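This report looks at pockets and at the residues that line them.

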Amino acid sequence: MATNSGKKFIRIDISSDTVCPWCFVGKKNLDKAIALTNDQYDFEIKWHPFLLNPSAPKEGVNKKDYYRNKFGPRSEQMMSKMSEVFKGLGLEYNMSGLTGSSLDSHRLLYFAGQQGLDKQNNLAEELFLGYFTQGRYIGDREFLIEAATKVGVGAANFLEDPNNGLKEVNEELQQYSSNISGVPHFVLNGKYQLSGGQPPESFIQAFRAASNVAA
C-alpha cells in the first residue's frame, strides 16, 4: 500500500497506559525509528487506552510508597533500572509526586485524537514527560489542561464532565486491550505485532515486515 508520496504507508496502533514507563521508552524508540525511515514510509499513529490498575484511586497516592507497597524490596531495584533506561534516552526519571487513576488522561487522549492524530501523538509525549520527568500527577486536571494546551487542544470544558469520552474509552479498552496482557503493545498495519520498550532497530525491522504484509 503506497501513498501519494510514493512511500509505503504504515498505521501504528499503540495500546498504552500513561503511567507505564516502558510505554514512554517504547514511544521514544519508535520516534527514533520513524525519524530514520521517514524517507521510506508515511506513518499514521493512533493511541489506545490500557489500564494497568483499573482500581487506582482518583485522588492519587504517593508514587514511591505505591511502588514499595506493590513490589516490596524489588521496587528500589526497579526504580534504579528505569533511571538508567531514561538516562540513556537523555531524560531524568523523576519518582516524586503522586500516582493514581489514569482514566482522565485516556479520555483526554481520545478527545485529542478527534482533533487530529498528530495532536494525540504530541499529547501522549507531553503527558509522559510531565508524569515521568516532572513529578506531575496524571489525574490532576490542571496538568491535563496544560498538556493539552501545549499541543493546541482546548480541554477544560471537555474534562469538566466525567462522562465525556468515557463510553469511547471503554469501547477501545474492550477492542484493543482485552486480548493483551501488557503494554506497550504495537500493531502495524493491523497485522504485525510487537510488545515492550523495543529498541529502534526492532521497529525498523517491523516496518519492513508490516509494509510487505500490507503490499
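## The second largest pocket

By class, the lining of the second largest pocket comprises seven polar, three nonpolar and one charged residues, where Ala, Val, Leu, Ile, Met, Phe, Trp, Tyr, Cys and Pro count as nonpolar, Asp, Glu, Lys and Arg as charged, and the others, Gly among them, as polar. The model is predicted, with local features needing pLDDT of at least 70 and side-chain atom pairs pLDDT 80 or more, while totals for chains, interfaces and linings use all residues. Residues are numbered from 1 along each chain as its sequence is written, and side-chain values use heavy atoms, with hydrogens and water left out.

A pocket here is an open set of points on a 1 Å grid over the protein atoms alone, where a 1.4 Å probe fits, with protein on both sides within 12 Å along at least five of seven lines; lining residues have an atom within 4 Å of a point.

Among the lining residues are Asp13, Gln175, His185 and Gln193. At least two lining residues come from each of β1 (8-16), α8 (166-177) and β5 (185-188), and α8 gives the largest share, three; helices (H or I, at least four residues) and strands (E, at least two) are DSSP runs, numbered from the N terminus.

## The largest pocket

The largest pocket holds about 520 Å³ of space. Its lining has 25 residues, of which Pro21, Leu52, Tyr67, Phe71 and Met78 lie closest to the centre. Two or more lining residues come from each of α1 (21-37), α2 (63-71) and α3 (74-88), with α3 providing the largest share, six residues. By class, this lining divides into 16 nonpolar, five polar and four charged residues.

Definitions and conventions. Grid points are joined across faces, edges and corners, and a volume is the space filled by probe spheres set on the points.
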